[in-house]
Amino acid sequence: MSFSIFLAGDSTVADYPETSAPQAGWGQQFPAFLDSSISVRNHAANGRSSKSFIDEGRLDVIENEIVEGDYLFIQFGHNDSKQDGRFTDPFTTYKEHLLRYIETAKEKKAHPVLITPVARRKFGSDGTVLDTHGDYPAAMKELAREQSVPVIDLHKKSLKLLDTLGPIRSKALYMWIDPHPNFPDGAMDNTHFNEDGAREIAAIVKKELEGVVPELTPTIK
């Protein structure tokens with residue numbers, strides 16, 4: 001079995017160069033969980049919403065490359081709430097833009113898979129993990145039901161992970177780092193993952209795929 005998995009998403013999914021290490025997106029770590037015959041083509045890019053990714057022609061690039069039997073994984077939501085040209089409304093324009101990705105895949109006889117946005121690291125004063133994504137995960141799951149498309153609820157699973165780890169131990173997954181050659185002042189970033197965190201999130205995606213897209217199980221390590 002040989003096919004490609006295309007990734008459309010934002011900075012939490014994207015590949016990073018060595019000059020940005022130890023920052024990493026889960027898509028960068030994902031190939032380690034797959035058979036070597038599977039190609040992962042990561043088109044995710046920093047700062048993009050479901051809308052701006054399309055506006056910049058990035059979905060067009062995927063459309064030109066994806067072929068029958070391939071998969072398109074779609075994760076947006078981090079930047080769709082931004083009050084600028086990237087904004088989408090959860091139950092209207094967000095769903096409309098996500099539908100474009102689904103239709104693009106289906107037109108090429110490829111398989112779309114929706115993935116709710118991964119959680120940010122945010123805790124209340126009592127140590128309770130807080131949701132920062134509002135209605136976007138629910139809107140994506142609603143669309144998945146309407147279109148009979150598989151959906152991985154990465155939002156729910158990553159919130160559970162953060163809740164288990166708590167405010168202190170969860171820092172080890174994110175870009176909370178001491179001064180580093182690539183980050184001379186260190187970093188205190190609650191959105192972006194370090195390599196360990198990206199690997200942990202990629203492992204969640206891998207585990208969820210086995211239930212949501214069972215036909216991929218033979219290709220998963």
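Author: Helices (H or I, at least four residues) and strands (E, at least two) are DSSP runs, numbered from the N terminus. By that count, S148 falls in the loop between α5 (136-147) and β6 (151-152). This is a predicted model, in which local features need pLDDT of at least 70, side-chain atom pairs count only at pLDDT 80 or more, and totals for chains, interfaces and linings use all residues. Residues are numbered from 1 along each chain as its sequence is written, and side-chain values use heavy atoms, with hydrogens and water left out.

Reader: Thanks! Why is S148 called exposed?

Author: Exposed means over 50% relative accessible area, buried under 20%, and partly exposed in between (1.4 Å probe, protein chains only). S148 has 68%, so S148 counts as exposed.

Reader: What makes the phi of S148 worth a look?

Author: Its phi is near 55 degrees, a positive value in a residue other than glycine. Most residues other than glycine have a negative phi.

Reader: And why is S170 called buried?

Author: Its relative accessible area is 0%, so S170 is classed as buried. S170 sits in the loop between α6 (154-169) and β7 (174-177).

Reader: Which residues does S170 touch, not counting those up to four places away in sequence?

Author: They are R121, F123, L162 and L165, where contact means heavy atoms within 4.5 Å.
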